[in-house]
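Please keep the sequence and the structure in view while reading.

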Amino acid sequence: MVRTTWMRFILVATVFCLCSVPAIRGQAKLPSAASVGQWAAPVYFCPKEPCVVGANAVMMYTGQVLFYYYPASNTYNSQAVLLDPVTGTVTSVALPVSRDIFCSGVTILSNGKVMVTGGTVENTYSPHLDNDGTTSTMIFDPSASTWSVGQDMSYARWYPSSVEVSDGTVLELSGSDETGTYIQTALESYSSTTGKWTVLPASANLPSTVLQTYPRMSLLPSGKVFLSAPAARTYLFDPSSNVWSFVATTNFGYRFFAPHVLLPGLEKILVAGGSLTHDNGGGAATNTAEVIDMSVANPTWSYISPMTYARYNENLVLLPDGTVLAVGGGGGFGAFTNPIFTPELFDPKTGQWTVMAPQTIQRTYHSTAVLLPDGRVVSSGSNNGASTEITYEIYSPPYLFKGARPVIQSAPTSLGYGAKFNISTANASTITRVALVRPGATTHADDFDQRYVDLTYTVGAGGIQATAPANSSQAPPGYYMLVIVNSSGVPSVMPFLQLK
């Protein structure tokens with residue numbers, strides 16, 4: 001099934017237009033797609049409501065994207081659909097049980113299944129009630145397109161964060177309790193092998209200075225986990241000792257509703273945009289961005305070039321060439337007001353942001369964006385009440401208009417750590433980068449899974465010999481997209497492989 005999906009992506013990739021739009025006589029020449037990319041027209045998930053708003057999105061190894069939302073007005077079961085971004089086919093996979101998984105944590109387990117944690121309490125007068133957390137654990141199996149009920153967590157959580165650590169277990173932290181009155185301090189850990197939750201000792205409890213929902217977490221090569229936002233004070237958690245240590249304070253201060261991303265190299269974390277105001281939509285957005293380098297002896301936050309547009313609730317998406325796309329968000333003073341339609345591309349090598357082609361639909365609060373295996377980006381969500389809230393848009397970045405794409409003819413479907421493996425390609429002599437890209441799982445401007453892992457490689461006759469990541473702290477076990485990038489910065493279509 002995975003191989004078939006890969007071949008469909010290759011077919012689609014071959015028909016991308018590689019030309020720019022000609023200028024109309026008497027008018028200024030429009031930027032070419034090779035410099036700003038190109039958006040396809042918005043597409044409705046289904047003809048009319050009730051239908052899913054793409055407020056939660058997961059890129060799965062089958063090539064399908066799972067979107068889910070809160071229940072329709074006549075049911076307590078959350079809505080969910082599968083989108084095949086190649087054919088445009090949309091399949092309903094609504095929950096088979098009465099649970100509201102909106103405002104949940106979401107992550108991809110090492111076996112490729114999707115785990116959804118917490119959500120919102122169902123009640124008698126409305127199928128959706130904000131703030132009150134649940135202990136729910138739901139598991140989605142991409143191979144069978146089915147949901148199952150997992151073991152409940154020990155603590156109710158609304159707006160929790162999930163992050164996989166080196167041993168393949170998932171840390172669960174934060175989220176408001178079942179009454180919606182306080183934030184859970186206790187951490188617990190989930191094993192996909194046993195299907196069980198374990199409460200961590202009290203030493204692992206969240207520090208009082210970072211008691212915020214959806215804390216932004218990143219696994220580092222040291223095996224420790226870094227908390228970068230929304231609190232101004234940032235911390236490092238050691239899963240081996242269950243202890244937190246203070247690292248540094250951001251220059252801007254609190255960055256509520258700001259996304260984060262672990263940059264290629266796996267030591268630098270970028271946080272961009274956000275607001276000083278905790279009330280969503282109650283304050284101004286910022287265009288500032290900061291980076292911290294965790295490889296140095298005394299890490300500190302440093303301002304980098306600001307974005308062109310101030311925004312929060314945007315999504316940061318790691319692209320296959322190692323750049324980062326900021327998609328959507330709002331300019332402040334309203335969760336859905338002052339939408340930012342123009343994406344910006346961040347290049348970690350230059351530290352600069354570049355304005356890209358604008359999209360059509362506003363993607364503000366409750367919007368999502370994830371990378372597709374063919375190098376495009378799907379953008380969806382934002383329940384602003386407009387009819388277009390049940391649409392998705394697909395963006396083709398500039399690299400898809402810069403010439404022929406290198407082709408991976410064959411590659412392993414599974415790898416062990418440190419293993420050498422062959423990538424068959426006729427384009428080996430032009431390749432300048434080989435990497436594994438972990439697929440995204442995101443909601444509320446917080447991608448819990450994306451990761452870009454550069455691989456060492458040599459070029460030989462008929463292909464490339466690459467070396468898998470040395471250990472699971474560099475790349476936790478699970479499914480990744482394999483990419484080769486040529487000297488023009490053009491990436492291949494990315495087949496999935498499982499790192500074990």
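## A network of charged residues

E164, R438 and D449 are joined in a network of salt bridges, a salt bridge being a side-chain nitrogen of Lys or Arg within 4 Å of a carboxyl oxygen of Asp or Glu. Side chains of opposite charge can pair when their charged atoms come close. The structure is a predicted model, in which local features need pLDDT of at least 70, side-chain atom pairs count only at pLDDT 80 or more, and totals for chains, interfaces and linings use all residues. Residues are numbered from 1 along each chain as its sequence is written, and side-chain values use heavy atoms, with hydrogens and water left out.

R438 belongs to strand 32 (residues 431-438) and E164 to strand 11, so the pair ties together parts that are 274 residues apart in sequence. Strands (E, at least two residues) are DSSP runs, numbered from the N terminus. R438 and E164 are both buried, which means under 20% relative accessible area (1.4 Å probe, protein chains only).

## Other salt bridges

In total, the structure holds 10 salt bridges. In one of them, the side chains of E188 and R157 meet at 3.0 Å, N to O. E188 is in strand 13 (residues 188-191), while R157 is in the loop between strand 10 (146-149) and strand 11 (161-164), 31 residues apart. E188 counts as buried because its relative accessibility is 0%; R157 is also buried, with a relative accessible area of 0%.

## The cavities

A cavity is a set of points on a 1 Å grid over the protein atoms alone where a 1.4 Å probe fits but cannot get out; lining residues have an atom within 4 Å of a point. A volume is the space filled by probe spheres set on the points, which are joined across faces, edges and corners. There are 4 cavities of 30 Å³ or more.

The largest cavity holds about 160 Å³ of space. Its lining has 15 residues, and M217, F448, D449, Q450 and R451 lie nearest its centre. The second largest cavity has a volume of about 60 Å³. Its lining includes R438 and Q450, and strand 27 contributes the most to this lining, with 3 residues.

Terms used:
Helices (H or I, at least four residues) and strands (E, at least two) are DSSP runs, numbered from the N terminus. Buried means under 20% relative accessible area, exposed over 50%, partly exposed in between (1.4 Å probe, protein chains only). On a 1 Å grid over the protein atoms alone, a cavity is a set of points where a 1.4 Å probe fits but cannot get out, and a pocket is an open set with protein on both sides within 12 Å along at least five of seven lines; lining residues have an atom within 4 Å of a point.
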